Amino acid sequence: MVTRQNKSNAKQQKGLSGGAILAGVIYVATALAILGFFWQSVLPLVRL
Amino acid sequence: MSFTWYCLGLLTTGSTVFLWHFSKRYCLSWLSWSGLTLGLVLILFSIAWSVGSVLEGVPRAASMGLLLFGLSGIVILTLAFRYTITKQPQMLESAAETDFSEAVATDLAPPKVKSPKTSPLGQTVSVAIPYLAYILLIVAFVAGFASEGKNYESMVRSKFKDQQLTKVNDDPVVFQLGDKGDGFGNYVLTQEGQGYGGPFVLGIRIMEDGRIHEIIPLDHKETPAFVKKIEDAKYRDQFVGKAVGDDFIVTEDINAVSGATITTMAATEAIRRGAHLAAVEKFKLPPTWKKVPWKFGLDEILILAVFVLAFVPKIYKEKPWKYVYMAAAIAIVGFYLNAAISVGNIAGLALGYIPGIKDHLIWWILVVGTLLGVVFLGQNVYCYRVCPFYGIEYLLQKISGMKLNPSRALLKRTRSIVNFLLWLSLMVIFLSKHPALGSYEPFAMMFSLNGVGLQWFILPLALIGSFFMSAFWCRFFCPCGLALTKLQQMRKSILNLVQKLMWRTRTYGNQTE
């Protein structure tokens with residue numbers, strides 16, 4: 001019974017991490033978009 | 001088109017909030033997450049595709065987009081939805097009511113593992129990197145200045161490819177179209193001005209009748225959003241037909257463009273200077289035009305009020321004044337004047353791009369005022385007070401009610417990323433001498449609905465991020481805030497050094513006595 005309860009708690013914790021994943025995805029996407037912005041601005045300067 | 005992007009941004013935000021609430025209610029497996037996200041992304045993509053195609057006049061492509069992406073998105077979303085509801089256990093109510101921020105803070109915290117002892121080489125590298133970064137910045141700054149100056153001739157030539165150009169004056173640089181002595185007039189007089197984000201060069205085409213026939217933008221390093229705004233408003237057209245001896249004063253005989261006031265003021269100043277030079281030196285006219293008065297109207301009073309109140313803790317800290325102040329900052333500094341400070345302003349100052357105080361008091365109050373506050377008082381009054389983007393972030397965070405609190409360790413790691421972004425931004429600005437090229441902040445486009453390229457993606461991401469984490473942009477990505485913090489730190493270090501030196505001098509002085 002105790003083990004089942006622990007498992008259930010663990011599952012709940014696992015479910016909560018969805019928000020963190022989403023925030024992480026947004027964070028990485030923003031960082032990539034900024035790097036893309038630099039790429040876009042520097043590209044005409046270096047004439048690659 | 002801009003409105004479409006805003007609607008799409010709203011839809012994206014709504015979908016993200018929906019996903020968040022759904023994940024609170026059900027334990028989502030990786031399959032559910034993938035299905036739901038893919039479905040939503042496909043639907044949003046199909047909307048963007050279709051609206052874009054319709055606006056471009058290609059309805060066929062719009063319908064194909066809806067069919068291919070929209071339909072498959074709806075199918076995937078429905079399947080993922082049904083799978084989640086039937087297969088995944090629903091969370092207990094009590095669990096849903098637990099303190100989210102605390103739980104996620106634990107989630108975001110990196111696992112506690114014993115950190116291996118850093119090697120001496122690793123330690124040296126971690127100490128050397130900041131010094132190397134500073135040295136490279138100095139090198140970039142010097143290299144930028146040492147690089148070739150402006151070539152006015154090639155700028156003018158690129159605009160008049162088929163015509164013969166003859167340089168008839170050096171200061172200011174004036175070209176005559178056709179051979180020298182071909183006839184009086186048809187001059188292109190070049191003038192430089194200082195915009196909000198950087199300098200620009202304009203060509204003023206003056207004919208034999210002493211009137212302006214064309215204003216030609218030759219080169220600019222201004223924030224692209226402002227340039228687009230004044231071009232859309234056909235700002236240059238109002239100069240056509242004006243006599244060189246006219247007043248050229250904004251709000252009197254020239255109209256400013258709302259949302260790009262500082263750029264229009266700077267451009268008008270450059271045109272006025274050029275036209276009056278031509279009036280005196282070429283057309284031998286007496287200077288009968290009005291003197292430019294100090295621009296101190298409602299705009300300047302409002303900005304000054306917002307800036308001064310940022311020094312009063314009761315106003316920017318305590319409720320309900322805090323909300324009133326924040327709303328005023330968003331409305332005035334943001335939407336009305338679009339004068340948020342960017343890293344380009346600070347770097348531009350280092351490059352010597354300083355607009356005149358008479359015409360650009362707003363710029364002086366915000367940029368110079370903020371820097372003086374940091375240098376003399378050690379206070380950064382701009383961030384979290386005057387900054388309109390923080391106000392927007394705060395508002396979004398209050399609407400969502402979500403507050404993910406990353407652990408200190410994670411915050412420390414993200415700090416190195418924003419440090420790198422600031423460094424990259426400064427490197428690009430110093431090497432190119434173009435402040436707008438390194439200013440990746442989405443402030444100008446947020447408040448003017450004008451942006452370029454990937455800025456359109458940075459803005460919605462920053463806004464969605466602030467739904468989940470308070471001051472998402474300010475804490476994780478803002479180069480301007482970090483630059484001001486660095487200045488504060490430098491001030492502190494210098495003061496400590498001076499104190500130490502004074503203490504030593506005093507101690508040794510006493511000993512020798």
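Between which two helices of chain B is B:Pro320 found? Select B:Pro320 in the predicted model and look to either side: the residue sits in the loop between helix H11 (313–317) and helix H12 (321–336) of chain B. The peptide bond from B:Lys319 to B:Pro320 is cis, and its omega is near 0°. Most peptide bonds are trans, and most residues other than glycine have a negative phi.

Zoom out and colour by chain. Chain A has 48 residues, of which 29% count as buried, and its secondary structure comes to one helix and zero strands. Chain B has 513 residues, of which 37% count as buried, with 22 helices and five strands. Among contacts in chain B between residues at least 6 apart in sequence, 70% join residues at least 24 apart. The remaining stops are in chain B.

**The sheet**

Show the strands of chain B as a cartoon. Five strands form an open sheet in the order E1-E2-E3-E4-E5, with antiparallel pairing. At the edges are strand E1 (165–169) and E5 of chain B, each of which pairs on one side only. From one strand to the next, the twist averages 30°.

Next select E3(B), residues 187–194. How many of the eight residues of this strand are buried? Seven of them are, and the strand is mostly covered.

On one side of E3(B), pick out strand E2, residues 174–177 of chain B; three bridges join E2 to E3(B), and the two run antiparallel.

- B:Val174 stands opposite B:Leu189 in E3(B).
- B:Gln176 has B:Tyr187 in E3(B) as its bridge partner.

Then select strand E4, residues 199–206 of chain B. Eight bridges join E3(B) to E4, again in an antiparallel arrangement.

Is B:Ile215 buried or exposed? B:Ile215 counts as buried because 21 C-beta neighbours lie inside 10 Å, where the cut-off is 20 or more.

Draw a distance from the C-alpha of B:Ile215 to that of B:Ile204: the two are 4.9 Å apart in space and eleven residues apart in sequence. Leaving aside neighbours within four places in sequence, B:Ile215 is in contact with B:Leu202, B:Ile204, B:Arg236, B:Phe239 and B:Ile271.

Now show helix H9 (261–281) of chain B. H9(B) lies across E3, E4 and E5 of chain B, running at about 140° to E3(B).

**Two residues with positive phi**

Go to the loop between helix H8 (224–232) and H9 of chain B and select B:Lys234. B:Lys234 has a positive phi of about 50° although it is not a glycine. Count the other C-beta atoms within 10 Å of B:Lys234 and you get 9, so this residue is exposed.

Continue to the loop between H12 and helix H13 (343–350) of chain B, where B:Asn338 lies. Phi of B:Asn338 is near 50°, a positive value in a residue other than glycine. Which is B:Asn338, buried or exposed? B:Asn338 is buried, because 26 other C-beta atoms lie within 10 Å.

**A helix pair**

For the last stop, select helix H6 (residues 120–146) and helix H17 (residues 408–432) of chain B. Their axes come within 7 Å and cross at roughly 20°. H6(B) and H17(B) are therefore roughly parallel to each other, since an angle under 35 degrees counts as such. Their crossing is left-handed.

To see the contact, show these side chains:

- From H6(B): B:Ala133, B:Leu136, B:Leu137, B:Ala140, B:Phe141, B:Ala143 and B:Gly144.
- From H17(B), which they meet: B:Trp423, B:Leu426, B:Met427, B:Phe430 and B:Leu431.

Coloured by type, the residues of this contact divide into eleven nonpolar, one polar and no charged.

Key. Residues are numbered from 1 along each chain as its sequence is written. Chains are lettered from A and ligands numbered from 1 in the order in which they are written. This is a predicted model: local features need pLDDT of at least 70, side-chain atom pairs count only at pLDDT 80 or more; totals for chains, interfaces and linings use all residues. Helices (H or I, at least four residues) and strands (E, at least two) are DSSP runs, numbered from the N terminus. A residue is buried if 20 or more other C-beta atoms lie within 10 Å of its own, exposed if 12 or fewer, and partly exposed in between; C-beta atoms are placed from the backbone. Two strands pair if DSSP finds at least two bridges between them. Two residues are in contact if their C-beta atoms, placed from the backbone, lie within 7 Å. Axes are lines fitted to C-alpha atoms, for helices over the stretch in contact, and angles run from 0 to 180 degrees between N-to-C directions. Angles under 35 degrees count as roughly parallel, over 145 as roughly antiparallel, 65 to 115 as roughly perpendicular and the rest as oblique. A crossing is left-handed if the near helix is turned anticlockwise from the far one by less than a right angle, and right-handed if clockwise. Ala, Val, Leu, Ile, Met, Phe, Trp, Tyr, Cys and Pro count as nonpolar, Asp, Glu, Lys and Arg as charged, and the others, Gly among them, as polar.
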